[in-house]
Each structure stands twice: as structure tokens, then as C-alpha cells.
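Subject: Structure handover

Hello,

Please find the structure below, followed by notes on what was found in it.

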Amino acid sequence: MDQVSLKSEILIKGVAAAPGVASGAAFVFHQSSPNVLCYPIEEESISAEKARFEDALLATRREISALRDTVAGRLGEKEAAIFDAHLLALDDPALIDETLRMLHEEKCNVAYCFFSTAEKFINFFSNLDDEYFKARAGDVRDITQRILHHLLGLSRTALSDVMDDRIIVANDLTPSDTAGVEKKRVLAIVTDEGNRTSHTAIMSRALRIPAVVGLIVASKKIEPGDEVLVDGYEGVVYVNPSEETRYRYGLLKKERDAAHRRMMREADQPDLTLDEKPFVLSANVNSAEDMASVRENRANGIGLFRTEGVFLKTPWQTPGEDTQFEYYKAVIAAAKPAFVVVRTLDIGGDKPHVVHGAPGANPFMGFRAIRICLENKAVFRTQLRAILRASAFGNVKIMFPMISSLDELVQAREFYGRVLDELRETNVPVGENIDVGAMIEIPSAAIMADNLAQHCDFFSIGTNDLVQYLLAVDRGNGRIAHLYEPCNPAVLRTLRDVIDAAKQRKIPVSVCGEMAGDPMFAPLLIALGADALSMSSAAIPGIRYLLRHVTTGKLETLKDDVFSETNPVEIKKILLDFSARLMGHVPGGAPARALETTTPFSR
Ligand code: PEP
Ligand code: MG
């Protein structure tokens, strides 16, 4: 019997941040904050202290730029953008000028002047009840630690020092910390802080490392070397797992691995159901870097091109028309001859940018997406021109996000028409027959779908937002994540009604929120009549496998079963059972928990 099994099992629940199960020994990571003492200095030492401060700023700038390049190379520009925000914070005159003022007026060591100024900033930002400003506090905290280490001549603990095959356990990880994480050394990540949209969660998903965040007590309860089992599907962590838990997860892993092998064997097969009905699976992308995975997983076009990527590269300024044109063209040309549905700017909400200024008290319901574009026509025009110019290089459709009324749709279309005419009149080449559609992701648009359908060429249902607005559950808030329930019959009825409205008006309708790529919901969405499902490329082989193993008759029965129920728990059971059978799980052969782990919604 090994030492680990003498300790009793502890189960800690958090938020599922990146899928996968891993077990191994814990590497408990504490980034120590240096102890900064205050001492008086002579007038003649001020310039030397100032020079030390400038050197520390320079060294930090070099360090962050190098980190930025490493992360851009390994993970892509989107993930590296966080370091641009750090470089910006490093130049913040408020932080630097206040430090120098204190140095001159109070005549104490520059490390202390900087430390106390930075603390004031951090406290101010983190006490604001706003995710955007809390994130800014995190940026300042991260660069402050770096600058202080340089000023005090200390070395930092780096996650690149972590020994092979460990589970990283931390209170929180800063972007600088996660930049050092190497997939081949790290089995999983667990943190006390964070939610599904926090930086650690995003990085873990990009690195494909299982992760559970928001565990509150993990870094206190887990000791270095403890055996830890991380379930990134369900958002739970077992410390010193019992024999029974290990056995259960062993079975689960075998079952998942076998299902995965079966799935991949069919990856090259046509997109037809068992009774030979075609289905369309397209991809959601953020930039041209995603195109390799689109090809690998045989996506049938791009159902959602989120254009925020080019804006988020420079959160402090709006990218120019040529910069945007190159960014869009790279995706459109790479996808050719397949279609690309380009969504106009959906900045705001959880994607802060100077374009919309301060996010307001409730950013998801605030100044975002089409609301910004209709008010700031210069921004909208620049983007539409860039998209239209890029459309000459492939097969483009355009859609507007966050449409809440017919008036907004009509205004957006009219403005789009003017920009198109302007380009044509000046003989700028643009694509032919560009369809224009609306995202249906706000309840008012869903209710008025039949009306909106008369004014656009297609619908794309954004379930991520639609669910949050229908249920009044903030999609980024880990505290209420359990209430974000797409099985709520109100959600399913709304989806059914929107799809029916599109059918009646004879326009195609696709679904591009997370539900589309979820094995639990994809068969139902097809049963409801969705013409296409758009998802992250990695999800495509699984959904293809599922749909290749159904018949239209079975889908009809599934729909009837689901709509005869009103209890979300029962609906969930019906959907999970259906997808588990198709995936080849032995019904009842694995614990119910195991089947539930196939959905990103289960927390
Ligand atoms: C959605 O809301 O479902 C969607 C696809 O858009 P986003 O996640 O970018 O808001
Ligand atoms: Mg949305």
C-alpha cells in the first residue's frame, strides 16, 4: 500500500474550465510577493534611484515582449494579446508619474514608492464591481511583481521549472505564469480563483490541458506531492482519490478512448445520416490560424468568423481598414471555395476595447456589438469596407450580432447597402451575391423571428447569449454557472420556434453557439430542422459520428420525447441517453456522472 492511499479522499467542486481527466502528483505553486521595505534616501541618491527604476522598466519590457513572442508562436496572436495590455500598463503615466512624484517628495527608496503606488491602483480596480476592471487589476499586479523583482534583484519562480507530469495547483495564475506552462510537463491545472472565461481557463483550453478553476480552497487543502485526480469535464477535483474513484475513472477513460477511436475511424466518411440525409457541419473561427484545424476536421465552411480578434490585438486603438482587410482576407481565401459567414464586430460584453469605452455596470447588456456599430458609423463603415474588399477573394456571407429589433436590422442592412454601393461606384472589386443575415441571440429577436426573417437571407442562432438572456444568467459568472441550463424547456421551445419561423419564411437557419458542438444537443438541433451546425473544429468529428448513426425517424422520436417533458432534469436524461447510445456507451455500464461529462454545460 502506498503512502497516498492512507490519506482520505477529499472532493472539491469548482468550474469546468478545460476538458479532460488527468491524475498525478501535485505541484503547489506559490508566487511569492517580495517583501518591500521603506527607507529614507538622500537628495543626491534620487537620480540613481530613478535610473534603477528606468532600468527595471526596460528589463520588464524586454521580458514581456519576449513572453509575448513565445506565446504568439506557441498559441497564436489571440492568446498573446494579453501581453499587449501588460506593455500598455507598463507605460501608464499614472503609475510611473505617481511613483516619481513620491520619490521626489517623500524621498524614500524607489522600490517602495512604486510598490505603494501600484498597491493603490490594484486596490482601486479590484474593489470595483466590474469584471473588466478586475482584469485590469490583474494586469497591474502581474507587471508590478515583475518590476519589483527587477528592482530588488530577486529571481522569480517559474512554472517552466515544474517537474514532468505534475498537476499545477495555485491560488491563481497570472498570464506571465501560464506563459511558462508546457503541455508535455503539465498534466492538469487547478486554481482557487477564476471562471470559464478567466485567463487561466482560456489558456488551458488553448493548450488542451484539463483544468478546473474557481475551487476556492484547492491551494490550501492540497499539499505538494498529494495525488490529485482532475476532472475537467465536470469541474471536480479529488485529492488522494480512493481506489473506487480511480477504478471508476479508469473505466470512464477506457470508454472515452474507445469512443474516440470509433469516431476517428469515421472521420473521412460523408456527412449523411443512416438514412442518407445530408447534414452540414461548419466551423467557428477567430483568425487564419484556426484554418489548419478546419481542414483537418473537414468542416463544411465557416459558420461563424468572429472578427473581434483583429480588434483585440490592439485593445487601445481601432485597427485600420487595410489591417482588417488582410485579417479577413486570410480566412476567406484559405476557406475558398467554401463559404465564410463573417460576423461584424461583437466587441463589448466580455471583450473590452477602447471602441466602446468604459463597459458600464452590466457589460453583457451594455454598449456592445451592433449597438456600437450603429452609433459609431465610422467604425462600422471601416469594417464593412474591409470585409467587402476581402469578399472578392472567396465566398462570403455577412451577419450582424446582437440584433434586438427589426429597426436595428433594417438600419444595419441599409448602411451595409450604402457601403457596398460606394465600393462599386469606385470600382473596388467585391464578391458576388453576398447573403446578409442576423444572429438570433436576444429573446426579442427570437420572438419576432418571423418578422426579421422577411428582412434577411439567413439566421444564425447564438445559443451562448440566447440562453443567458432567456434565463437571466450571466454566462461568465461561475457563482451561478449551475443555473445556466440549456435543457430548460423555455430555451428549447425558443429554439424550435425560431427554426420554424425561418422554415416558414424559407430562409436557412444554422446554430453557432456552444450547443451546436455539444453531443447532447446536436441531434436535437438537427431534429428541430437546423440546416447547419457551426462549432469549434475539434468538436466536428464527434458530432459527425453521432449524426452518421441516426435516422430521421429516431430524431423525430427524440424531438417528441424531449417536448413531452417539462422537467429539465428529465430532458437532460433523455438527451444524454440518446447521445450515449449513439456514441456506443453501454447504457448503465458507466455511472451517470460519466455520461454527463460529455457536455461542456455540466459543471
Ligand atoms: C453566441 O452568443 O452563441 C455566439 C455564438 O456568439 P458569442 O459566443 O461570440 O457571443
Ligand atoms: Mg453572442
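Met263 touches Pro541, Gly542, Tyr545 and Met583, leaving aside residues up to four places away in sequence; contact here means heavy atoms within 4.5 Å. Met263 belongs to helix α9 (residues 243-265). Helices (H or I, at least four residues) and strands (E, at least two) are DSSP runs, numbered from the N terminus. Met263 is counted as buried because its relative accessibility is 12%; buried means under 20% relative accessible area, exposed over 50%, and partly exposed in between (1.4 Å probe, protein chains only).

Before going further, some notes on the conventions. This is a predicted model, in which local features need pLDDT of at least 70 and side-chain atom pairs count only at pLDDT 80 or more, while totals for chains, interfaces and linings use all residues. Residues are numbered from 1 along each chain as its sequence is written, chains are lettered from A and ligands numbered from 1 in the order in which they are written, and side-chain values use heavy atoms, with hydrogens and water left out.

Next, the domains. The assignment gives domain 1 (3-31 + 158-244), domain 2 (43-152) and domain 3 (275-537); such bounds come from an automatic or database domain assignment. The centres of domain 1 and domain 2, taken over C-alpha atoms, are 28 Å apart. Their contact takes 11 residues from domain 1 and 10 residues from domain 2.

The area buried between domain 1 and domain 2 is about 940 Å², with 64% of it from carbon and sulfur atoms. Buried area is the accessible area (1.4 Å probe) that two parts lose on being put together, summed over both. In domain 1, Pro175, Ser176 and Ala179 lose the most area to domain 2, together 45% of what that side buries. The elements giving two or more residues to this side are α6 (175-179) and α7 (199-207), and α7 gives the most, with five residues. By class, the side of domain 1 that touches domain 2 has seven nonpolar, three polar and one charged residues. Here Ala, Val, Leu, Ile, Met, Phe, Trp, Tyr, Cys and Pro count as nonpolar, Asp, Glu, Lys and Arg as charged, and the others, Gly among them, as polar.

Between domain 1 and domain 2 there are zero salt bridges, a salt bridge being a side-chain nitrogen of Lys or Arg within 4 Å of a carboxyl oxygen of Asp or Glu. By this rule the overall count comes to 29 salt bridges.

Which residue forms a salt bridge with Arg381? The partner is Glu422, with the closest N and O atoms 2.6 Å apart. Glu422 lies in helix α15 (residues 406-425) and Arg381 in helix α14 (residues 377-391), 41 residues apart. Glu422 counts as partly exposed because its relative accessible area is 25%, and Arg381 does so at 35%.

Asp435 and Lys397 also meet in a salt bridge (3.7 Å, N to O). This pair links strand β13 (residues 435-440), which holds Asp435, to strand β12 (residues 395-400), which holds Lys397. Asp435 is partly exposed at 29% relative accessibility, as is Lys397 at 22%.

Regards
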